[in-house]
Amino acid sequence: MERLMGNSASQMIASAFTFGTSALVFASLPFLFILLKGIFKANSGHNTHSSSILSVFAMAFSVHFISCLGFMLAIKTLDAFYAIYEPNYLQGKIFSIFWARSEDEVFSLAGASGEFEDKGLYLQLRLVQAVCDWIFLLIVWVVFIVACAYGLREAKKDAMQSNVMQIFVWLLVSNVIAAFIFYLWAKIASLAMFIPNGDIITQIIQSYKNLMNF
């Protein structure tokens, strides 16, 4: 534990890589897994007992909440044990390094001199940061696709011959529910990922801005 959570610059960047990756896994993969499973269930023609849009998103949110809560408690427990060396080490310092989005900012927070080892560790960290940004962008579209898939399925079940207005209403209802669950997901995930400034929604907006300015 001491080696993993050491105070040298290289150890802090490595810790940011380790704990940032762990936070990303706990905050996104369980939620994505349930939603992707929901897409296949909604589109399976032989499934006569498939869940409604509300139950799928409720299950995804429940699994997500438990996953994030467990990770948050683990980080806070580690910080409590490490408080004898430095209070709030992981939440305050390590995750701040993970959310830094430039080499100069990472090195400044870690107190690194920019040596070859530091640059190698930064490249690893930058790769995880890029994956994190893309997963957040992907989740937006997964939520939208799941909502549309269930909306279309429910519209077809509502009547033998669904008209355009029925389809539109079901799509609207499904996406409103999805947007609300996504908002809750983002708030919970932001706490689990210990974002120092803003939240995941802010990060997603910034990622889209970066894409448009690319």
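## Overall fold

The protein has 7 helices and 0 strands, where helices (H or I, at least four residues) and strands (E, at least two) are DSSP runs numbered from the N terminus. Along the sequence, this gives the pattern α-α-α-α-α-α-α. The model is a predicted one, in which local features need pLDDT of at least 70, side-chain atom pairs count only at pLDDT 80 or more, and totals for chains, interfaces and linings use all residues. Residues are numbered from 1 along each chain as its sequence is written, and side-chain values use heavy atoms, with hydrogens and water left out.

Of the 214 residues, 42% count as buried; buried means under 20% relative accessible area, exposed over 50%, and partly exposed in between (1.4 Å probe, protein chains only). The accessible surface comes to about 11700 Å², and 69% of that belongs to carbon and sulfur atoms. These areas come from the Shrake-Rupley method with a 1.4 Å probe, and for residues only the protein chains shown count as cover. Among contacts (heavy atoms within 4.5 Å) between residues at least 6 apart in sequence, 73% join residues at least 24 apart.

Let's look at confidence next. The mean pLDDT, the predictor's confidence in each residue from 0 to 100, is 81 for the protein, and 87% of its residues reach 70 or more.

Two stretches call for care. Over residues 1-6 the pLDDT stays under 50, and the model has 18 contacts beyond four places in sequence for them. Residues 46-50 also have pLDDT below 50, with 3 contacts in the model beyond near neighbours in sequence. Where pLDDT is low, the predicted coordinates should not be read in detail.

Helix α6 covers residues 164-192. Its 29 residues should span 42 Å at 1.5 Å a residue, and the end C-alpha atoms are 41 Å apart, which agrees; the expected span is 1.5 Å times one less than the number of residues. The buried residues of α6 are S174, A178, I181, F182, W185, A186, I188, A189, S190 and A192.

A nonpolar surface patch of about 560 Å² is made by M165, F168, V169, L172, V173 and V176. Patches are made of residues with over 30% relative accessible area and no salt bridge, joining like charges within 9 Å and nonpolar side chains (Val, Leu, Ile, Met, Phe, Trp, Tyr) within 5 Å. A salt bridge here is a side-chain nitrogen of Lys or Arg within 4 Å of a carboxyl oxygen of Asp or Glu. V169, part of this patch, has a relative accessible area of 40%, so V169 is partly exposed.

Just after α6 comes F194, placed in the loop between α6 and α7. Most residues other than glycine have a negative phi. F194 counts as buried because its relative accessibility is 12%.

## Two more residues worth a look

S67 lies in helix α2 (residues 53-82). With a relative accessible area of 12%, S67 is buried, and beyond its neighbours within four places in sequence it is in contact with F26 and P30.

A130 belongs to helix α5 (residues 116-158) and counts as partly exposed, at 27% relative accessibility. The C-alpha atoms of A130 and R101 are separated by 9.5 Å, although the two residues are 29 apart along the chain.
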